Amino acid sequence: MAKKVYKEQMSPAKRKSLMKRSIPIYIMALPGLIYLFINNYMPMPGIVLAFKNYKAKDGIYGSAWAGLKNFKYLFSTQDAFVITRNTICYNIVFIIVNLIFAVGVAIILSELTTKAKKLYQSVILLPYLLSAVIVSYLVFAFLSPENGFVNNTILRGHDPISWYQEKKYWPFILVFVNLWKGIGYNCIIYLSTIIGFDRGLYEAAAIDGATKWQQITKITLPLLRPTIIMLTLMAVGRIFYSDFGLFYQVPQNSGALLSVTNTIDTYVYRGLLELGDITMSAAAGVYQSLVGFVLVLAANLAVKKIDPDSALF
Amino acid sequence: MKRKLALLLAGMMVVGTLAGCGSKGEEAAAPAAAEETTEAAGAAEEVVDAQAADDGSAAAAAIEERKASGNVPKVVIAYMNFAGTPKGIDRISAKMSEITEEKLGVDVELQIMDAASYAQNMNLMLASGEQVDLFNTVSVGFMPCVNKGYLMDLEEDDLLATYGQDIIAAFKPLELNANRVNGTLYGIPVKKDDAAGQFGISIPQSLLDEIGYDYASKYKSADDEIIYTDLDEIEGILTQLHEAHPEKDTFYMDVSSVVTQCLLIDMVGGDAFGVLNDPINSLEVTDLFTGDQYMDLCRRMYKWNQMGFFSKNALTETLATTVQVKAGSLMAYKTATKPGIKQQESNLCGEPVIIFQCGPDFKKSNTYNTMPWAINQNCEDPVAAMQVLNLLYSDPELATIFCWGEEGKEWVETEDGHITFPEGVDAQNSEYFNNVNWELCNQFIAKIWEGEKLDIWEKMQDFNDNAQASKAMGFTWDNSDVSAEFTALTNVYSEYQAQLELGFVDPDVVVPEMEERLKAAGLEKYIAAKQEALNAWAEANGIE
Amino acid sequence: MQKMGQEKRFQIFGNIVMIIITLAAVIPLILLAISSFTDNDALIRNGYNFIPEKWSTYAYEYIFTSGNAVVHAYMISFVLTAVGTLCGLTITTLLAYALSKKFLPGRGVLTFLVFFTMLFNGGLVPTYINYTTVFGLKNTFFALLIPSLLMNAFNIMMMKSYFVTGVPEEIMEAAYIDGATEFQAFFRIALPLAKPIIATIGLFIGIGYWNDWMNGYIYLTKRTDLYSIQNLLNRMIQNIQFLSTNSGTIANANVGLANIPAVSVRMAMAVVGVLPIVIIYPFIQNNFVKGITLGGVKG
């Protein structure tokens, strides 16, 4: 608002100079905007697929309208419930587990005095950089039923477990793999926030006789609170999205595990590419976008309340 | 539509000229098409079979008109292999085009995709309207394609009757009709082993020698490759093998193929929920798991497992059986038999094997529609596509290139009429060695690779013709109305399948438990829906 | 005295925890590397193991023999990553810089346009149709380069935040008043100051390209000679799955199964796929942390 008023009050000369300054900036923005147009906005009308009775013969836009039939179909099957449940539950667990570990590791790292500190920090970030395909190879090396490290070494002599057939283990495996992959990245922000704290507070506390544990719970955690809240809210905004590679590649797309590994993203992908069910997966995509949109708005509103500067828009 | 009309008109005109002036018209025709036109003109003059003459000439006329127009339409052919696009794909496309251009005035382009991505890529191509004219529906799924409207009605404007006469000649009506959905023909089956010998067992010859088993006297005739026997006999052999080598695994079979390849049942529609337990005589859809055949098999496997035939790891095995035999860790395994099986399994195991068979040769209801060839409904020139398909089923030279590649580069002829790799070429460095001829239209007319008997395809035809066939032959099952039940049933079954069928649990205890859960998941509803569809199909096709 | 002991205890405890976590991060990679050097038969017999019964370099010999697809795919991966990172970084930086200019008319609208793409997209089929029929990218190198990976809204937002917080407006204004053009100011002042975020986003984009298999999977049907190393790896997993689940319906499935490279070869390919990341990462690691910190808080 304030900006607008300011602009209206500008003299013509100032406006001219503003335009002169803006033109080079627009030129800079242009390549990126063109790419956004091509990559994101040109296919966007394809969203109508969700409301169509698609026949390849008639094309996307020529196919007859189907109203909300695709959505009805999506919600009448059990799938909608399963994929929504999986997506949300996994994300909630991920958020909590990742938060605990990331903050914990960040605090430990910040207090350590050894030179190995740097090494720890670098190495734990490494898994974050691996592709889902590679991660799935790693997991397979451990869990492969006949050759896997776990069945062959840890469980040697016991009945082997067919990991890729047994649903009950996967919620834990997925949470663990997600934590393993993300911990280094997740702790960076907390770590750098902690490093920014005034060390004087700790020294004063130490002089007052506070134990390490007290310092952590009474100083570090309260100071970290805004960061924790904000990052958590951001994650909540993405709660309807899932890491495709984690849920598709890592369980090796195993059919027996579907009820615990199927999320909205993998469902859309399977519907689209394996079953060729274009409209239903488009409907699922729209469902995801809409709910995601609402959640992002809500999260943003919350962030705005807590820390207006950090709001997305 | 306009173009089709014009084509038809042009066709009629040429027929007229040909019929009227006989050999004069023939001279005017391009030499390349001479063969066809002679045939057509001759037939037309004889007017013995007016219908056939008309169709033959229409086909010739289409070629004629296409050549006269000067532009060569391109037909894109897609299929899958296990290694991705071969290096020689463009050269083979060009080689095939030489023939199709000469005979049809059409070019072909191959698109060969990996099994891993074939379904995905085809779905995208079909949905987006990219050019792909002829494709094999394996992995993409025949029924899903039909449901989505991807496939062309092959009899629209008499397409098949007019331009695909060699295809019609290559199959029995029943074989083609199996690809009808609600009366509309969408696919053309592949010429392959249509039946499968049930419960075949393969054991290396050296091991049988070791236990002193006299297999030589068990063959019915000298050139037999299979010993027909029963499971009690096999049990005896396995017991001896187990005694001789307790350190090796005695027997193994892939879990995914136990029900399909060991029992004389027909899993109508391709799933285990509601099957024909007496497929040769009855169309009654009943429960597989409480049927005698299934229970007997599970009890037998339970016994074998108690006797120590199976590896402790059997439940989680994913290595190919033949690889295990080759590595020396396994002694006998189940295989589906067919002519040439002995050679095939011996090659895979790296030593001669003896093949036993405990069940009959049997043809299932979905034999002809698991992987038919189809024309994309988006195809711009269905006539050209159909003519190319027709040629793939009838032209030995074209079929040989399609299956095996180019002479001199991928294969050379041996003295006795086989073909084999040229000097310095092997399966690894060959630029076109797909190993998927069971998918490629008509391998029966292609040349025969060294190692197979030269009469393999006659034997195969006999085998196909003599096998017992399911009464529901040709039935296609669309389970989209009960897909929720299907998912639930599959989930329950997959929990028990491997343990039961490899004998790790007592079937008399576990089958009732599974049955209870299956019922809760809607087994009865699913079976009823299947029966209803089967009845409707039987009525429409006049089968009692 | 007691405090010293407490501090010491904490240090020991902290080190132990971090050593465990660090080991957890590298042990799978070590297992992967060891299995790639294990004799294939031993691998099948005894399974994956840290101390193999028999060592072998067969897998690497197999990969690096001439004419093998792996080396070629490796080259493709390198070229793709280099070109993609360069182009992606350029347009991302320019756009993010533009969006960070508070005086720019229409900035709010543009930012929203960028942000909007985080929420809604046309879906795979319309995107596929767009790139294949409108732009004809199918079966070309550009199909690996252009779709989805070049630039994304998340990176732009992160970089924009960095420009806002890490490059003070006053310095830019001062430069401008001193007579520098916008371009000069950007190149001489903003870019050097933004080095950490450029390294970070560059690493993100580069990792994105190096690890991508989706584009090749979808857009390369005929030119599988353009497959990147990740595509080859992915293809092998998928083929094994396909063959083992379809052995009942597809005759000769075991013929195909027998042709898939040995387990140790697959592991060696995975090692080869990870190696560049392990080598390059330490060089940008410092900038990486700073970049994420300053850009990341604002998402």
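This is a predicted model: local features need pLDDT of at least 70, side-chain atom pairs count only at pLDDT 80 or more; totals for chains, interfaces and linings use all residues.

Biologist: Good to know. In what order do the four strands of the open sheet in chain B come?

Modeller: The order is S2-S1-S3-S14 in chain B, and the pairing is mixed. Strand S2 (107–114) and strand S14 (373–375) of chain B stand at the edges with a single partner strand each, so one side of each has no neighbour in the sheet. On average, neighbouring strands of this sheet are turned by 20 degrees against each other, direction ignored.

Biologist: And how many bridges hold S1 and S2 of chain B together?

Modeller: Eight bridges, with strand S1 (residues 74–81) of chain B and S2(B) pairing in the parallel sense. As one example, Ile77(B) has Leu110(B) in S2(B) as its bridge partner.

Biologist: Which helix packs on that sheet, touching S1, S2 and S3 of chain B?

Modeller: That is helix H6 (residues 115–128) of chain B, and its direction makes about 120 degrees with that of S2(B). There is also helix H17 (residues 382–394) of chain B, which lies across S1, S2, S3 and S14 of chain B. H17 of chain B runs at about 160 degrees to S14(B).

Biologist: Switching to H5 of chain B: what span should its 16 residues have?

Modeller: Helix H5 (residues 89–104) of chain B should span 22 Å at 1.5 Å a residue, and its end C-alpha atoms are 21 Å apart, which agrees.

Biologist: Which residues of H5(B) are buried?

Modeller: Ile92(B), Ser93(B), Lys95(B), Met96(B), Thr100(B) and Leu104(B) are the buried ones. Just after the helix, Gly105(B) takes a positive phi of about 75 degrees.

Biologist: Now the cores. Which residues touch the most other members of the largest nonpolar core?

Modeller: Among its 232 residues, those are Ala106(A), Val388(B) and Leu389(B). If you leave aside neighbours within four places in sequence, Val388(B) is in contact with Val75(B), Thr100(B), Leu104(B), Val106(B), Val108(B) and Leu134(B). A second, separate core has 79 residues, including Val258(B) and Ile265(B).

Biologist: What about strand S12 of chain B: how many of its residues are buried?

Modeller: Five of the five residues in S12 (residues 353–357) of chain B are buried. Val353(B), Ile355(B) and Gln357(B) point one way from the strand, while Ile354(B) and Phe356(B) point the other way.

Biologist: Which strands pair with S12(B)?

Modeller: Strand S6 (residues 196–204) of chain B is joined to S12(B) by five bridges, running antiparallel; there, Pro204(B) has Val353(B) as its bridge partner. Strand S7 (residues 226–228) of chain B pairs with S12(B) in the parallel sense over three bridges, and Tyr228(B) is partnered with Gln357(B).

Biologist: Let's finish with chain C. How many helices and strands are there?

Modeller: Chain C has 15 helices and zero strands. Of its 299 residues, 47% are buried. Among contacts in chain C between residues at least 6 apart in sequence, 73% join residues at least 24 apart.

Biologist: And how many residues does each side bring to the contact of chain C with chain A?

Modeller: Chain C brings 80 residues and chain A brings 71. Helix H1 (residues 2–36) of chain C gives the most to chain C's side, with 16 residues. By class, that side has 49 nonpolar, 28 polar and three charged residues.

Definitions and conventions:
Residues are numbered from 1 along each chain as its sequence is written. Chains are lettered from A and ligands numbered from 1 in the order in which they are written. Two strands pair if DSSP finds at least two bridges between them. Helices (H or I, at least four residues) and strands (E, at least two) are DSSP runs, numbered from the N terminus. Axes are lines fitted to C-alpha atoms, for helices over the stretch in contact, and angles run from 0 to 180 degrees between N-to-C directions. Two residues are in contact if their C-beta atoms, placed from the backbone, lie within 7 Å. The expected span of a helix is 1.5 Å times one less than its number of residues. A residue is buried if 20 or more other C-beta atoms lie within 10 Å of its own, exposed if 12 or fewer, and partly exposed in between; C-beta atoms are placed from the backbone. Ala, Val, Leu, Ile, Met, Phe, Trp, Tyr, Cys and Pro count as nonpolar, Asp, Glu, Lys and Arg as charged, and the others, Gly among them, as polar. A nonpolar core is a set of buried Ala, Val, Leu, Ile, Met, Phe, Trp, Tyr and Cys residues joined through C-beta atoms within 7 Å.
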